[in-house]
Amino acid sequence: MAQATQDTAIRTGRITRTLIYLVLLLFSLFYLLPLYVMLANSLKPLEEITGGGMMNLPQVFTVEPWIKAWSSAQIGVEPTGLRPYFWNSIKMVVPAVIVSTVLGALNGYVLTKWRFKYDTILFGLMLFACFIPFQIVLIPMARMLGLMGLAGTTWGLALVHVVYGIGFTTLYFRNYYAVFPTELIRAAQIDGAGFFQIFWRILLPSSGPIAVVSIIWQFTNIWNDFLFGASFADANSQPMTVALNNLVQSSTGVKEYNVHFAGAILAALPTLLVYIVAGRYFVRGLMAGSVKG
Amino acid sequence: MAVSADADFKTRLQNWIPKLVLSPSLAMMLVFVYGFILFSVYLSFTDSRILPSFGWVGWENYDKLWRLSHWETSLINMGIFAGLYIVICTCIGLGLAIFLDQKIRGEGLLRPIYLYPMALSFIVTGTAWKWFLDPGIGLENVMHSWGWESFEFDWIKNRDYAIYTVVLAAVWQTSGFVMAMFLAGLRGIDNEILRAAQMDGASNWNLYRRIIIPQLRPAFLSAFVILSHLAIKTFDLVIALTGGGPGRATELPATFMYSYTFTRNQMGIGAASATIMLMTIAAIMIPYLYAELREKR
């Protein structure tokens, strides 16, 4: 059955097929081109780029730009490279991903298996919160972080990402648990199992796939965030994306395109790796954010 | 007696635990989302400049906002950007999905190539395209060095065309994802109907036009909602790609709000612009979410 629905029943002639392959190939070139440009130019000395050879493979092969981008490029006032900012991002991403995923799982469990009056409205409010333009919360959030003593810290940024990530993680777990047989829960209740016991023993063991989706989604979103980082971080807590932008936009001295490209790849590497390792789940996560699970 | 009172307490506790578990998230949401929205909307009616202040000025900020040519530019840009971005992404996404659905060899290889840009930060995308489109070192320079001396491509530096480079980079980033949405839709279509129509002698063109594409309506709707939401939020891409320039040629509402609030110290006007952005999103999202949640019941 699954096999039969996988393929379309449409039949195409040979010329059409050749054209289709051609178009598909052209588009793959379009999508790969910027990655190629970044990679090839990050491994060249600067003269090769300014001399008009952006599309060429490196003639002189060097990892110097990578080393410079990582550990000695001028970012802001200090020549620290991207390294400290990379760790800032890690310190922000790890707690934010864990906390938002755990809360999302618990919320999803309550919203599907312990339903109460108005729970759909509450969920609707949570869902709408996923889609607000964050500009509407920037000003009060900056003030709130100040009041909480978290202004300009990675913990503050982690908190912000937890708050605005819960909606999505709750959505994932809710959709996933909604199809989980409620009879199992009721049976366990009759046997005297409590709220947390049921969650721990019955739901959690089968939550692997959706946990992966939630973690990947949160990881990519938080790692790639720029707006919150630019608004709330100070020089010592800036995440990678903000530092990369500072590196590329800095107007002093020679523009070292090769270092910029190496820095861009460094900033992209964690999410690219996640995507390569678990890409299928990434797609599933993106889809769950748009169409119902 | 004691036993039943204890059991009673236990069941009551069991009734409360779910709500207790939900309450931290609810509290955070009410304060950080809805409380903050109210606060920002309130600020848009005050004389806040560098810091929030609470002197009521009525609609003054909105009056000023709508008279600013800077805001007008960012709205026009938003129209151009969102319109082209949504239409082009949908067309490319649908086209690639239909092509990929023709029992293509190497589909497993092509799909991740189309999709990986979605995993990148807009800052990375912006950086890559910024230098690739730069006439000094990028495409134009390359063409010259290959001997095509008259080749010109300076859109990113050109006030009239810079906004289209933002469209180009944004389409590059998300069209593969739209493809995945349509592909999932296509794979869900019942082949029996198609075979029946083929028996009746329908051409492929008619099959798609009359049967397949109409059945993709949910995918179209989802794509539209997601893309318009991404379009209105677009901020980092502009910052990295053009910085809003040349001049103000690529300013969008999100960059307008940011610069008025944090660098021009016109917080009241910034809050007013954010409120308008929220209303626009709400007009698209609320009917959609309402329909989604109602169906599920």
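Guide: First, a term: pLDDT is the predictor's confidence in each residue, from 0 to 100. The model is predicted, so local features need pLDDT of at least 70 and side-chain atom pairs 80 or more, while totals for chains, interfaces and linings use all residues. Residues are numbered from 1 along each chain as its sequence is written, with chains lettered from A and ligands numbered from 1 in the order written.

Visitor: Where in chain A is confidence lowest, and where is it highest?
Guide: Helices here are DSSP runs of H or I with at least four residues, and strands are runs of E with at least two, both numbered from the N terminus. Confidence is lowest in helix α1 (residues 2-6) of chain A, at a mean of 42. Helix α5 (residues 83-113) of chain A is highest, at 93. The mean for chain A is 86, and 94% of its residues reach 70 or more.

Visitor: What makes residues 1-5 of chain A a stretch to treat with care?
Guide: Their pLDDT stays under 50. The model has three contacts for them beyond four places in sequence. A contact means two C-beta atoms, placed from the backbone, within 7 Å. Where pLDDT is low, predicted coordinates should not be read in detail.

Visitor: How many helices and strands does chain A have?
Guide: Chain A has 14 helices and zero strands.

Visitor: What share of chain A counts as buried?
Guide: Buried means 20 or more other C-beta atoms within 10 Å of a residue's own; 12 or fewer is exposed, and in between is partly exposed, with C-beta atoms placed from the backbone. By that test, 47% of the 293 residues of chain A are buried.

Visitor: Which residues of chain A are in contact with chain B, by class?
Guide: 77 residues of chain A are in contact with 90 of chain B. Helix α14 (residues 257-288) of chain A gives the most to that side of chain A, with 13 residues. Nonpolar covers Ala, Val, Leu, Ile, Met, Phe, Trp, Tyr, Cys and Pro; charged covers Asp, Glu, Lys and Arg; the others, Gly among them, are polar. The side of chain A that touches chain B therefore has 52 nonpolar, 22 polar and three charged residues.

Visitor: Which residues touch the most other members of the largest nonpolar core?
Guide: Such a core is a set of buried Ala, Val, Leu, Ile, Met, Phe, Trp, Tyr and Cys residues joined through C-beta atoms within 7 Å. This one has 170 residues, and those touching the most other members include A:Leu244, A:Ala264 and B:Tyr85. Helix α7 (residues 162-187) of chain B gives the most to this core, with 15 residues.
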